[in-house]
Amino acid sequence: MLTDPPPRKHERTSFSESDRIGTLDLPDDRRFLEAAALVEAAIEGELAADIRKACDQFLTETAAFYQVPGCAVRVLAARPLRIRENWATELFGDYNPETMLIRLWMRTAVRKQMTSFGTFLSTLCHEFCHHLDFQRFGFRNSWHTRGFYERAATLYHCARNTSPKRIFWVPVSPGRWRIDWPRTNRGR
Ligand SMILES: [Zn+2]
């Protein structure tokens with residue numbers, strides 16, 4: 001995971017705030033966990049309509065808790081491939097701040113296999129955090145900052161009832177970071 005480069009000057013304040021806020025408030029009950037369990041069950045059934053319904057319920061819970069307007073969700077089949085010169089990346093999900101719509105893909109691009117629950121939920125949390133950036137934090141944009149990834153991880157671990165790891169970062173270029181996985185996995 002690599003962070004986005006810092007934006008132009010007038011967006012810098014939002015950017016550094018996004019970078020700084022490394023956690024989210026969480027409910028002290030099991031509501032996210034229970035909503036995520038419905039998503040897990042729906043994924044096992046492999047039906048897009050059921051998965052969409054479960055995601056919709058999850059987003060209703062999270063939006064209510066964070067007191068933001070709800071966002072819509074669409075669940076699509078095989079991930080689109082973005083072809084670059086000599087490599088391709090798969091799109092797992094996206095969020096449109098204008099329409100407040102999250103799109104999630106349930107199958108891999110080439111082999112059309114079902115996405116694992118962990119990957120799918122992590123994408124759902126990631127896209128919802130983009131929604132929060134605009135609707136809760138009022139940022140001018142939603143960048144992939146260190147704080148953004150940490151907020152998304154906080155939500156994900158709450159929804160899976162797993163303990164979040166402290167994330168260690170290494171600089172790659174001025175203002176850009178990537179996760180130091182060996183250190184993060186070691187926990188120090
Ligand atoms: Zn993103």
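User: Which strand is joined to strand E6, and by how many bridges?

Analyst: Strands pair if DSSP finds at least two bridges between them. Strands (E, at least two residues) and helices (H or I, at least four) are DSSP runs, numbered from the N terminus. Here E6 is joined to strand E7 (residues 176–179) by four bridges, and the two run antiparallel. Val170 stands opposite Arg178 in E7. Two residues lie between the strands of this hairpin, and Gly175 takes a positive phi near 80°. The model is predicted: local features need pLDDT of at least 70, side-chain atom pairs count only at pLDDT 80 or more, and totals for chains, interfaces and linings use all residues. Numbering starts from 1 along each chain as its sequence is written.

User: Why does E6 lie largely in the open?

Analyst: A residue is buried if 20 or more other C-beta atoms lie within 10 Å of its own, exposed if 12 or fewer, and partly exposed in between, with C-beta atoms placed from the backbone. In E6 (residues 169–173) the number of buried residues is zero out of five, so the strand lies largely in the open.

User: What is the strand order of the open sheet of three strands?

Analyst: The order is E1-E5-E4, with mixed pairing. Strand E1 (72–78) and strand E4 (93–96) are at the edges with a single partner strand each, so one side of each has no neighbour in the sheet. E4 pairs with strand E5 (residues 101–107) in the antiparallel sense over four bridges. In this pair, Asp94 stands opposite Arg103 in E5.

User: How many residues of helix H4 are buried, and where does H4 lie?

Analyst: Of the 19 residues of H4, 14 are buried, so the helix is mostly covered by the definition above. H4 lies across E4 and E5, at about 15° to E4. Angles run from 0 to 180 degrees between N-to-C directions, and axes are lines fitted to C-alpha atoms, for helices over the stretch in contact.

User: How is the packing of two helices described?

Analyst: Two packed helices are described by the angle between their axes and the distance between the axes. Helix H1 (residues 12–20) and helix H5 (residues 146–160) pack at about 40°, with axes 5 Å apart. Angles under 35 degrees count as roughly parallel, over 145 as roughly antiparallel, 65 to 115 as roughly perpendicular and the rest as oblique. H1 and H5 are therefore oblique to each other.

Technical notes:
Two residues are in contact if their C-beta atoms, placed from the backbone, lie within 7 Å.
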